[in-house]
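The sequence and structure are shown below.

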Amino acid sequence: MTVPMVGKTYRFDMGWLRMRFTFSSSSQGRFVVEEGGGLTPNGHAETVALDLKEIRDDLYLNSWAEACGTTVTHVVDLANATVYSNVTVDGTLYNFVGTITEVTDVPVADRSAVGSGKTERTTEIVLTALRELFAERDLTGVYRYGAEPYARHSPQASDGLEMLRPAAPGLRGSTWDLQRIAAQDDLVFTHSIVHGWAPGPVVIVDIFRLENGRIVEHWDVVQDLVSTGFTASGHPVA
């Protein structure tokens with residue numbers, strides 16, 4: 001079966017659930033959650049085995065099971081740029097209808113899903129570490145995914161993994177919303193909006209450098225989220 005989606009990345013926009021999906025082959029794909037809507041953490045990425053069947057020209061049935069037990073079934077209607085999605089999470093079935101858009105300006109982190117190598121591995125490590133830290137509030141992940149000597153380029157923070165422990169209380173009640181991610185070899189860049197960490201929402205750009213699969217260096221740039229009515233260009237900060 002020749003599948004026109006193979007080697008391409010699409011955005012499935014189903015309102016409050018949005019993801020980028022790369023068809024690496026007819027039997028394997030990789031997704032990155034852009035907006036999880038409470039069903040799955042923003043930024044969650046996973047490579048999954050596909051059960052992909054052609055119904056007729058430009059109409060496909062695509063299903064997969066995720067490591068957490070979530071099952072997903074998509075009817076992909078390429079002719080009408082529409083996706084019909086059934087998602088089962090913890091025994092509850094959710095139904096969505098959304099749009100399909102081919103992504104041509106795919107971030108480096110997604111291009112690696114078609115190929116392979118260092119970029120994909122480093123991206124997966126950073127996304128997992130951020131998810132466990134912000135979504136699951138598990139500070140022990142700092143030691144699983146970081147390594148000494150750990151360098152921090154921030155006027156408010158000192159070097160060393162142990163210096164991250166005081167940050168834990170400040171994470172309570174906060175939410176992390178990943179907007180964009182890119183990677184190159186041992187560097188991973190994330191652009192996020194964090195709510196509940198400061199009096200108002202903040203936009204954070206983080207840069208992580210990895211060695212031997214561990215985060216060893218970190219830069220960040222933080223600014224308040226400003227609405228379009230208060231920017232000179234009229235564009236939102238995020």
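## The second largest cavity

In this predicted model, the second largest cavity is lined by Arg20, Val32, Val33, Glu34, Leu178, Gln179, Arg180 and Ile181. The space inside the second largest cavity amounts to about 40 Å³. By class, its lining consists of 4 nonpolar, 1 polar and 3 charged residues.

Which elements each supply at least two residues of this lining? They are β3 and β11, the latter spanning residues 175-184. Of the elements, β11 gives the most to the lining of the second largest cavity, namely 4 residues.

## The largest cavity

The model holds 3 cavities of 30 Å³ or more. About 120 Å³ of space lies in the largest cavity. Two elements give two or more residues to the lining of the largest cavity: β3 (28-35) and β8 (82-89). Strand β3 also supplies at least two residues to the lining of the second largest cavity.

The lining of the largest cavity is made up of Leu17, Met19, Phe31, Val33, Leu39, Thr40, His44, Glu66, Thr70, Val72, Val87 and Val89. These residues divide into 8 nonpolar, 3 polar and 1 charged. Val33 belongs to this lining and also to that of the second largest cavity.

## The sheet that contains β11

Strand β11, a contributor to the second largest cavity, is part of an open sheet of 5 strands with mixed pairing. The strand order is β10-β14-β13-β12-β11. At the edges lie β10 (146-153) and β11, each of which pairs on one side only. From one strand to the next, the twist averages 20 degrees.

How many bridges join β11 to β12? There are 9, and the two strands run antiparallel, with β12 covering residues 187-195.

## Confidence in the model

The average pLDDT of the chain is 80, and 82% of the residues score at least 70. Over residues 105-116, however, the pLDDT is below 50. This stretch has 26 contacts in the model beyond near neighbours in sequence.

How should those contacts be treated? Where pLDDT is low, the predicted coordinates should not be read in detail. The contacts of residues 105-116 belong to a stretch with pLDDT below 50.

Terms used:
Residues are numbered from 1 along each chain as its sequence is written. This is a predicted model: local features need pLDDT of at least 70, side-chain atom pairs count only at pLDDT 80 or more; totals for chains, interfaces and linings use all residues. Side-chain values use heavy atoms; hydrogens and water are left out. On a 1 Å grid over the protein atoms alone, a cavity is a set of points where a 1.4 Å probe fits but cannot get out, and a pocket is an open set with protein on both sides within 12 Å along at least five of seven lines; lining residues have an atom within 4 Å of a point. Grid points are joined across faces, edges and corners, and a volume is the space filled by probe spheres set on the points. Ala, Val, Leu, Ile, Met, Phe, Trp, Tyr, Cys and Pro count as nonpolar, Asp, Glu, Lys and Arg as charged, and the others, Gly among them, as polar. pLDDT is the predictor's confidence in each residue, from 0 to 100. Contact means heavy atoms within 4.5 Å. Two strands pair if DSSP finds at least two bridges between them. Axes are lines fitted to C-alpha atoms, for helices over the stretch in contact, and angles run from 0 to 180 degrees between N-to-C directions.
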